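Please read them with the structure open.

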Amino acid sequence: MNEWIAIGALALVGILIPLGMMSVSYLLRPSVPETSKRATYESGEVPTGGTRIRFNIQYYMVALLFVVFDIETVLLFPWAVVYRDALESGEVTLMQALGPMLLFVAILVVGLAWAWRNGAVQWAKSPRQVELEANRP
Amino acid sequence: MLAPLQNGDTYLFPERIADLTGLSEYGTAGDLVAAFIAAFIVGNLMLAMTGVAGPWAKRKITAAFTDRIAVNRIGPFGLLIIVADAVRLLSKENIIPENADRPAYDLAPIVVAGSAMLGFAVIPMGSGVQLADPEVGLAYVFAVSGIASIGLVMAGYASANKYSLLGGLRAVAQNVAYEIPLVVTGMSVVIFAGSLQMSTIVEAQAEPLLTVAGVAIPSWYALINPFAFVLFIMANLAEVGRNPFDIPEAPTEIVAGYQTEYSSVYFVLIYLGEFLHIFLGGALIATIFLGGPAGPVLPGIVWFIIKIWAVFLLTQWFRSAVPRVRIDQLIEIGWKGMLVLAFANFVLTAIIVGLIA
């Protein structure tokens with residue numbers, strides 16, 4: 001039996017269970033339409049302004065960094081799988097197996113150091129925060 | 001000699017079901033039905049565990065930590081609160097905010113709950129309960145557990161609520177920051193085991209590490225590489241968004257984060273997804289660090305469930321004992337601390353394995 005069938009079956013179950021719960025709830029729950037309770041929740045105040053607010057640039061920086069490092073982990077996975085077997089087979093020396101990975105990680109560490117130095121992994125502060133912290137006794 | 005990539009000698013749960021019910025005589029159709037039955041059993045086992053954990057165990061554990069009694073009125077030890085809560089939550093009115101983006105708002109709970117469920121497909125639960133055992137097992141778990149981030153961002157963005165938007169963004173910033181330490185630390189286990197296949201990783205941990213007074217201590221990777229174990233637990237806590245890394249839904253800051261506008265069954269589904277994620281994290285820790293379902297006397301699945309609940313207990317312990325980090329601390333711990341430590345662990349593990357191999 002192809003094992004991906006079972007994974008597909010679990011995906012189906014993972015969708016059917018939420019749908020089943022939704023339909024049970026649909027049969028049980030009341031519906032009392034009233035416009036004011038559908039208002040956006042802002043701690044009981046009348047909502048002000050739109051929701052698509054401008055948010056901190058840091059989220060974007062972090063996401064960009066993630067893409068780089070995530071691809072890197074994907075590239076490291078095959079290496080990690082064959083590493084021990086390759087060494088035990090005696091066909092390659094330790095440096096031949098380890099060297100390229102060390103070089104690869106070193107390049108990324110340089111990248112991280114660059115990002116670190118440029119403040120990409122430092123949470124961006126507003127001018128007011130910077131001022132407050134400078135004046136703190 | 002490189003290890004063969006295929007070892008199709010594991011007797012998987014769908015095949016057991018097929019042989020047990022006689023469905024194997026019906027060819028592909030029988031296989032499909034057997035796979036569905038097996039998946040249904042596994043899915044409901046996990047659902048039952050979250051059912052016990054969410055309304056009952058979480059309250060009882062937190063109460064024990066804070067010297068309270070918590071639920072004790074309905075049924076023995078208050079256990080029937082599970083039924084009462086399920087009925088109560090499902091029969092609530094479903095209030096949908098007026099500015100919500102409808103398809104995304106409705107799909108997000110399904111994505112969150114469904115993606116968490118998918119990861120359990122490759123986890124060996126002992127006593128022959130393992131749905132599938134592909135060669136890429138570990139990579140598969142990391143891949144599907146990442147889908148939940150999309151669900152959280154959908155929930156946060158589609159709710160048209162400022163708290164939700166911030167919560168969704170925080171959830172993603174946190175998930176991406178700790179995903180890499182998590183995967184890289186998991187990879188240091190792969191270096192030892194030489195395979196991504198879950199059954200191979202579990203088998204590799206069955207060998208005795210040393211014998212103390214006639215008792216063989218198994219070579220669990222938590223004992224071989226405790227540093228990676230601690231790193232993995234920390235990264236996993238952040239990945240499932242539990243204390244001290246629960247800022248995506250920090251109640252004192254942004255109400256409930258991405259689930260602020262969700263009510264009724266949608267809320268149940270998001271909550272369910274979060275608990276499934278805690279258990280998936282626990283299952284992953286149990287499988288790659290604690291020898292999977294291995295253990296003396298009791299059957300495998302009991303040990304597996306004990307290990308999962310131990311991890312759950314740990315998350316609840318942190319919930320009661322550790323203060324929340326701030327968003328700037330979170331990013332700095334993730335990118336400057338965990339990432340560097342994870343790579344140091346990875347390189348050191350590679351060097352040590354290289355020297356002893």
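1. K58(B) first. Leaving aside neighbours within four places in sequence, K58(B) is in contact with A53(B), Y271(B), F275(B), F312(B), Q316(B) and R319(B). Contact here means heavy atoms within 4.5 Å. K58(B) sits in helix α2 of chain B. Helices (H or I, at least four residues) and strands (E, at least two) are DSSP runs, numbered from the N terminus.

2. What is the nearest side chain of opposite charge to K58(B)? It is E274(B), 6.6 Å away. K58(B) is buried yet has no salt bridge. Buried means under 20% relative accessible area, exposed over 50%, and partly exposed in between, with a 1.4 Å probe and protein chains only. A salt bridge needs a side-chain nitrogen of Lys or Arg within 4 Å of a carboxyl oxygen of Asp or Glu. Lys and Arg count as positive, Asp and Glu as negative; His and the chain ends are not counted.

3. On the basis of the numbers: this is a predicted model, where local features need pLDDT of at least 70, side-chain atom pairs count only at pLDDT 80 or more, and totals for chains, interfaces and linings use all residues. Residues are numbered from 1 along each chain as its sequence is written, chains are lettered from A and ligands numbered from 1 in the order in which they are written, and side-chain values use heavy atoms, with hydrogens and water left out.

4. Salt bridges next. Side chains of opposite charge can pair when their charged atoms come close. The structure holds five salt bridges over all chains. One of them joins D85(B) to R59(B), with the closest N and O atoms 2.9 Å apart. D85(B) lies in helix α3 (residues 81–90) of chain B and R59(B) in helix α2 (residues 27–65), so the pair ties together parts 26 residues apart in sequence. D85(B) is buried, at 7% relative accessible area. R59(B) is partly exposed, at 31%. R88(B) also belongs here: R59(B), D85(B) and R88(B) are linked in a network of salt bridges.

5. Now a pair between loops. D246(B) and R324(B) meet in a salt bridge of 2.9 Å, N to O. D246(B) lies in the loop between α10 (226–239) and α11 (251–254) of chain B, and R324(B) in the loop between α13 (300–321) and α14 (327–356), so this pair ties together parts 78 residues apart in sequence. D246(B) counts as buried at 9% relative accessibility. R324(B) is partly exposed, at 27%.

6. Chain A has its own example. R84(A) forms a salt bridge with E88(A), the closest N and O atoms being 3.3 Å apart. Both lie in helix α2 (residues 58–89) of chain A; being four residues apart, they are separated by about one helical turn. R84(A) is partly exposed at 24% relative accessibility. E88(A) is partly exposed too, at 48%.

7. Chain A overall. It has four helices and zero strands. Why is chain A described as more spread out than a compact globule? Its radius of gyration is 26 Å, well over the 14 Å that the globule rule gives for 137 residues. The radius is taken over C-alpha atoms; the rule is 2.2 Å times the number of residues to the power 0.38. The C-alpha atoms of chain A fill a box of roughly 75 × 65 × 25 Å, taken along the principal axes. Of its 137 residues, 31% count as buried.
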